[in-house]
Amino acid sequence: MLRMDLKGEDLPKYWYNIVSDLPDLPPPIHPATKEPLGPNDFYPLFPKECVNQEFSKERYVAIPEELREFYLRIGRPTPLYRAKRLEEYLGTPAKIYYKREDVSPTGSHKLNTALAQAFYAAKEGLEYLTTETGAGQWGSALSYATMMMGIRALVFMVRISYLQKPYRKLVMRLYGAEVVPSPSDRTEVGRKYLERDPEHPGSLGIAISEAIEAAMKDDKAKYSLGSVLNHVLLHQTIIGLEAKKQFEALGEKPDILIGCVGGGSNFAGFTFPFLEEVLKEKGSYDVVAVEPSAVPSLTDGEYRYDFGDTAGITPLLMMYTLGHDFVPPPIHAGGLRYHGAAPTVSLLKKKGIIRSVKYPQEDVFEAGRIFARTEGIIPAPETNHAIKAAIDEALKAKKDGERKIIAFNFSGHGLLDLKGYEDVLKI
Ligand SMILES: Cc1ncc(COP(=O)(O)O)c(C=O)c1O
């Protein structure tokens, strides 16, 4: 079958909380005292319900009925496609499936958590959320979500992306958000970096520091993060929960699950519901996290406590990290320019339950070109990483003569990332 659709009423009613199945997940700790932190430490920063979810040990967390309507509005449940033309092009006996997270108003998976976070923020009576954005996908998603919930967004956009992707900031502004390039002169942290280098390209880590500082200064605002934290990954599990139902309806079971990793949210969202079976010893999957060679936190980083941001404002998180002061090269996959990876994803790597690979920018854009010319969809540069790994697995299956079932998360489209294609592929 070329595509598998679910009906509106099949939209999941619960998110899957992997933390309930990872009892040895190291907690966030205070940078000075090294004491474990709890909900009270996080309430000043994030909407209350998000903090409760961050520390929840409940296995299945109910999705509010009102929020489910917003999910329907953005096109959920999203279809699962079979990449038949790509399979034919590669001449592989493998079947390749991809979950279409690009089919939403802002074009990526990021809306799944943006809507949830903005929903809880509005319920709590907040006036706006502050955040950072790399590629601009997350900022666009939060701008849409806050607009829908009747509040506002203040977005610190990594300067290099602000310059490389002028249309993203227009999307955000059209939805009513305020967008500033980071480092900016709006915060003490930003001014410090600008003094050192007025042309500083910025990084997600610096933008996070700025967004946190801005939220802490105003009691009408709180901060919203688009990846890394448990509650964010929890919201994204709607992807994998749908995909599982779709594979069940197809009567198939994927052998290999693939997702690209920046902070880890689309990868987690797609794979965690499958990994629930692995953690309960009821199933096994080859689960592959794909990173850029320029920012290989899971592949080449160290597993240790580190700050989530660059300036060292956040608590310490136990994760694979390249060091919080690592300034990633300005590759076009802006959403993958993060020095660490989510603590849950990091622990799964440490335990050997998932593995990671890395690819250079030229190779992933070439994979994107192949995908555009076979399946007809132009992928986001981040998504190209997952596609490259899926192609490599399909070619390996061809060499070994194996009829593997490969599934990857198509995290977003690249219609606003064409400059990257121009620069890298010289088209
Ligand atoms: C399309 C797309 N895919 C993947 C990512 C990476 O983020 P994460 O690892 O949180 O899914 C981003 C981040 O902006 C993105 O826009």
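**Entry 1**

I began with arginine 59 and aspartate 21, whose side chains meet in a salt bridge at 2.3 Å, N to O, where the term stands for a side-chain nitrogen of Lys or Arg within 4 Å of a carboxyl oxygen of Asp or Glu. The pair links distant parts of the chain, 38 residues apart: arginine 59 is in the loop between α2 (48-54) and β3 (60-62), and aspartate 21 is in the loop between β2 (14-16) and α1 (39-42). Helices (H or I, at least four residues) and strands (E, at least two) are DSSP runs numbered from the N terminus. When I searched the whole structure, I found 30 salt bridges.

I note that this is a predicted model, in which local features need pLDDT of at least 70 and side-chain atom pairs count only at pLDDT 80 or more, while totals for chains, interfaces and linings use all residues. Residues are numbered from 1 along each chain as its sequence is written, and side-chain values use heavy atoms, with hydrogens and water left out.

**Entry 2: the two domains**

I looked up the domain assignment, which gives domain 1 as 3-8 + 75-107 + 231-425 and domain 2 as 13-38 + 50-61 + 110-230; such bounds come from an automatic or database assignment. Their centres, taken over C-alpha atoms, are 21 Å apart. To the contact (heavy atoms within 4.5 Å), domain 1 gives 59 residues and domain 2 gives 61 residues.

I then took the area buried between domain 1 and domain 2, about 5000 Å², of which 63% comes from carbon and sulfur atoms; this is the accessible area (1.4 Å probe) that two parts lose on being put together, summed over both. On the side of domain 1, Thr106, His231 and His235 lose the most area to domain 2, together 15% of what that side buries.

Across this interface I found two salt bridges by the rule. Elsewhere in my list, lysine 351 and aspartate 24 meet through their side chains in a salt bridge of 2.7 Å, N to O.

**Entry 3: the ligand**

I asked which residues surround the ligand, and found 17, the closest being Ser227, Gly262, Ser265, Asn266 and Ser411, where near means that a heavy atom of the residue lies within 4 Å. A polar side-chain atom of serine 227 lies 2.6 Å from an oxygen atom of the ligand, and a backbone N or O atom of glycine 263 lies 3.1 Å from a ligand oxygen atom. For serine 411, I noted a polar side-chain atom 2.7 Å from a nitrogen atom of the ligand.

Terms used: A polar contact is a pair of N or O atoms within 3.5 Å; within protein, one must be able to donate a hydrogen and the other to accept it, and residues adjacent in sequence count only if both atoms are side-chain atoms.
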